[in-house]
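Dear colleague,

I am passing on the structure we talked about, which you will find just below. My notes on what was found in it follow after that, and I would be glad if you read them with the structure open beside you.

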Amino acid sequence: MTGFILRRLLLLPFVALGVSVLIFSLLQFLTPAMRASLYIHDPKQLNALPDIIRKFHLDRPAYVQYWEWLKQVAHGDLGWSETAREPVADAIRGYFPATLELGAYSFACILALGIWLGTQSAVHKDRLLDHVSRFTSISGASLPTFVWGLLLLMVFYGHFGWFPPDRLSLAAGLFVRSPGFHPHTGLMTIDALLNRQWWIFWDAVRHLVLPVATLTYFLTAVLVRITRSSMLETLRTDYVRTARAKGLAQRTVVDKHARRNALIPVITLAGLLFVGLLSGVVITETVFNYPGIGRWGVSASQQLDIPAVTGFALIFSGLLVLGNLCADVLYALVDPRIRLQ
Amino acid sequence: MTAVRSSTPAIPLSRAPRAGRTVETGWHRTLRRFRRNPLSVLGAVIIAFFVVLALLAPFLAHPTERNPFMIPHSGYASDPHPPGPGHPFGTTEEQFDLYYGVIWGSRTAFVVALSVVATAVVIALLLGSISGYYGGPLDELVMRVTDIFLAFPHLILAVVIVAVLGQSVRNAVIAIAVVEWPTYTRLLRGEFLRVRDMEYVQAARALGGGDPHIIARHVIPNTIYPMLILASLNMGGIVITFAALSFLGLGAPIGYADWGQLISLSHNWIVGTAGDPFTFWYTLIVPGTAIFLFVLGWNLLGDAFRDVFDPRLQGSR
Amino acid sequence: MRTVTWIQRAAVFAVTVVLIASLGAATVRGAGEPVKNPETFVELRFGDAVSLDPALAYDIYSTEPVWPNVYETLIMYSGASLDKFQPMLATEVPSLANHLISADGLTYTFPIRTGVRFHDGSVMTPDDVVYSIRRFLLQDQAGGPAWLLLSPLLGVDSTRDDAGKIQVSFADVARAVSAQGGNVVFHLKKPFAPFLTIVAAWTEIMPRAWAAAHGDWDGSPGTWQKYNNPKTEDRYAFDHMDGTGPFTLERWDRQAKEVTLVRHDGYWRAPASLQRVVIRSVTEFAPRRLALQQGDADLVVASLNEQSKLRGIPGTVLQDNLPQIAVQTLQFNYKINTEANPDVGSARLDGAGIPADFFADLHVRRGFAYAFDYAANLGGAYAGRGVLPHGPIVQGLLGFDPAVPVYTTSREKAVAEFKEAMGGKLWETGFKFTIPYTAGNTARQTGAQIVKDTVGALNPKFQIEFRPVPSSTLNSLLFAHKGTMYFLGWFADYPDPHDFAQPFLSANGYFPVRGGYRNPQADRLIGEAVGTADPAKRKALYKQLSMIAYNDLPYLFLVQPVTYYTMRSWVHGWYYNPIFPGQYFYTISKR
């Protein structure tokens, strides 16, 4: 097992290298003037373009710029992000907790809701619950995340005013950034509880409801379908039929025998879910103006903030590799057949 | 989506042909199974509807611009207008007609999705066939490269590519094709591996048939069904990704007949006016419904294809 | 999982009810409701600051906290006036009458106020003033504002030449600005009429000791070159401020895009009324509006096409039709770089493209000028908010003259001009080209649509398209002289007609450098007009320049826009001066 994990971890630097090469090779398509525009906010600054190009070595060939960047990274410096107005590493450190909070709550909801609904759907096949959940899952897979998010915003924010966009309300935000509040983890819900500020906790939860609902819908739909068909499979197998024939209660059959095996393909899917989550986070954060890494990555890409884009891409691909590793480890734990390999 | 393999495929006794009935040919059997499932039929109907819409677009909504994909707009006022005479679905920001946008948007959707699939399939045929058929270090290299591309969350890779290449429909198609090709390549490679060791291929080789000949005549035709399943399940996803790119300002330009672009225009208006938050509901609902139905149709159709064509699922359901 | 029991169901139900009840629907604060957060003022705007260093900050989002709220200058605009000044960190406004401006216009003397303390407690001296201005001149970050003072004081636009080598010496700078007793004296290269107005906006004072103690230049002659053209992040003053203004910087949270200022109780005048000011950047419009509605924000900035959604909110006031010293133009590129250029078609006069010198033909330009529908542009792209300009000298500037003629929409005249264009061949051959415009800018998109519609209607062989490009691409096109027509705006650096005449009409002005317009007579007149202090003479010269702009027609002047702010009715003491980059919080109170 440890050997397996170590071998997979070795993949990380390899992937990081590949990803950074990919991004820098895309630089071939950019003129130096386009990249210099990052530092210009008005046409009256255009005369400074040659100066800026010279200053930041933007006219050197891509491989030279890549080499410079590698040397910089070797010293622990990921560069400066003009769009974030701070070093790339600081920006990542600052924006990551927000995305982590959103992602963690969403992941938990997806798993809980998806597995429960999928199981119930399979157990009560062809009854009302099954039809409702199958319809919801098909339609969930068909509705783009941002359309669903905008719909939710229109109804629950525009009309009812219950769940606003962004991460905190203005008043809560001011308090959180004042000296009276100690950020321990960077996760607003946890920090609010640790600081005993209940109103901030509720405020953070209020702001999380819609983004989590948006992010969850699509992936829950996928998970319900997989769980359902996997559960159906398992319920039809010989050993389940045996258990039923022995007279065991339905609940015991489902809980003790069927679910463990039915969850195996679900775990293999967990990696895919994680990928979907990372992609979905980008859109969701943009729709709800949620200050996380996804939103920052998009605006950095739009403005050609290359150091930021590179840092952002590295983080995401690193997360992906780690996520897949966890999924594989879990898979090995659950399925004894794998362990023997 | 991974197909679930059952350990003991159960063959229900009810499937055995009854004595006295003529044996149906393969296609008839396929069509009958297809027709039996109402959801498949629904999917087919929806897609057929959109195909008709796309084909008849110039008649249903007369183009007035040189580029028919640019939505005409009457006047320059910035606020959207509700459905009314001349604008059956209303107008969105800058007076772009939503009806025109929906009709021609179906054309855009097909063009984009088919372009991406075609590009990905071409790349997959080239790389997947070489990789799967010859194996060895070449195979390893191709697999590592696909690993790197798959290490990127899809949307983020697409965003980065379009940001660098510049915003346009063409570049968005390129970006999505770059995101999708690894999946197709891996599928095709898997199929090649499977087919390579089959008896009839070995026989053909023994008879002295050249490799490209064998690939073309024997291997490729047998991989069509899995590709068809993947493509049909993928069409909806591609359109969603393209719409997402347009929403982020990285896909179709403003005024282009694309559902995602129309939805991105609605972002500013979902809170309505001070009195009524639903004032501009149509800017979101109209293009949103179009995209939802399109993707739903392809998802249903793709599911149906998989149920019908995937021999490994036969007998289980 | 066991079947959910009814107890669990009830619990879930109860929790949900409590949750929803505690949320409460959005409440709208009407007029007459008590002031929310009476000590704190919250402004929500679109963009965020790039740098808080007064020597490097050049865009309005950066300069709003900088001036005049945290840093102050030697003299200040008097109230809402653009041409009357009052003393600030100097004790007198120099003029010819009080002999603080020399008769030849080359020497300006500013007596420096005593007893003024910086935020760190130290006392301001003429040495700090001299240091701050020399630092402004010599740091000269690429794309920064240093040229504004470099030009009149040293006669150059940059401390570096085209190859990047330093071209000024410390001795030049020391001569240009120096301390003499309790005064600071400026020596100009040539008489420069707008000098005082530049000083009023661009001479922010910081303490030398504070800067030097935090790694910045210490003012000595030998070391300044090391500090030239810094990277934004290299300066302590990037995110730390120490000035004399009524507010100090509490913190700049770059992730929340929020600048927080607190009242400076040791201010040299009466302290401000507000205890705290929060300037926050919110890119989405809807949250800005909601915050205003709920009273969480006191003032929001929004664009023209969002105004309809801000009308009629109870408890708020919409300050409308605030004039701006700015102009939006449509520019012709006289010499298009046709190499690898997607916008010029065949690059020949064959009906499928345009040649490189297409817009160098006056008849072509006149054709566009008469065809364009200015009223539709103002009404559609700017929601009617603004006025039609009479050339580059806009309303509010000395030399503005409503008698200067303008081009009005006339289909017949347009047809007549196009028929004479390109030696009479254009009408038969036709042309085709594309206008690139800044993506997302709906006003410019509308303008492009109007060009296409109006000119295209004259002759079916006239084919114009337009395409959106990201601003980085547009900058790249401008840089490479590849664009065909450009939609560009110009906002005043200082409220003097020279700041408009020079960029538009001078051979080395920003726009002629891009577009290729040249007129030596204009250069002469510009030089004359800036060199004399006599307002009457200047007026006459700028009138001549306006006529040149009309006759030569290098640009279509489309709109002089107005702006607006929406604020809660409990905001008092707010006033507007078009030259302010943002709000002046010193006079504002909430009650």
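**Confidence in chain B**

Chain B has a mean pLDDT of 78, with 82% of its residues reaching 70 or more, and please keep in mind throughout that this is a predicted model. Over residues 1-21 of chain B the pLDDT is below 50, although this stretch still has 21 contacts in the model beyond near neighbours in sequence. The pLDDT also stays under 50 over residues 313-317 of chain B, where the model has ten contacts beyond four places in sequence.

**The fold of chain B**

Chain B contains twelve helices and two strands, and, read from the N terminus, its elements follow the order α-α-α-β-β-α-α-α-α-α-α-α-α-α. Of the 317 residues in chain B, 49% are buried. When one takes the contacts in chain B between residues at least 6 apart in sequence, 68% of them join residues at least 24 apart.

**Where chain B touches chain A**

Between these two chains, 41 residues of chain B are in contact with 47 residues of chain A. On the chain B side, helix H6 (154-165), helix H10 (224-247), helix H11 (259-266) and helix H12 (281-309) each supply at least two of the residues that touch chain A, and the largest share, nine residues, comes from H6(B). By type, the residues on this side of chain B divide into 30 nonpolar, eleven polar and no charged.

**Annotated spans in chain A**

For chain A, an unreviewed UniProt entry places the feature "transmembrane region" at residues 102-123, 135-160, 208-226, 266-288 and 308-334.

**A sheet in chain C**

In chain C, three strands form an open sheet in the order E4-E6-E5, with antiparallel pairing. Its edge strands are strand E4 (107-111) and strand E5 (177-180) of chain C, each of which pairs on one side only, and neighbouring strands of the sheet are turned by 25° against each other on average, direction ignored. E5(C) and strand E6 (residues 183-187) of chain C pair in the antiparallel sense over four bridges, and Ser178(C) stands opposite Val185(C) in E6(C).

With best wishes

Conventions:
Residues numbered from 1 in each chain as written. Chains lettered and ligands numbered in written order. Predicted model: local features only at pLDDT ≥ 70, side-chain atom pairs only at ≥ 80, totals over all residues. Contact = placed C-beta atoms within 7 Å. Nonpolar A, V, L, I, M, F, W, Y, C, P; charged D, E, K, R; others polar. Buried ≥ 20, exposed ≤ 12 C-beta atoms within 10 Å, placed from the backbone. UniProt positions renumbered as here; feature names shortened; annotations may be inferred. pLDDT = per-residue confidence, 0-100. Pairing = 2+ DSSP bridges. Axes fitted to C-alpha atoms, helices over the stretch in contact; angles between N-to-C directions.
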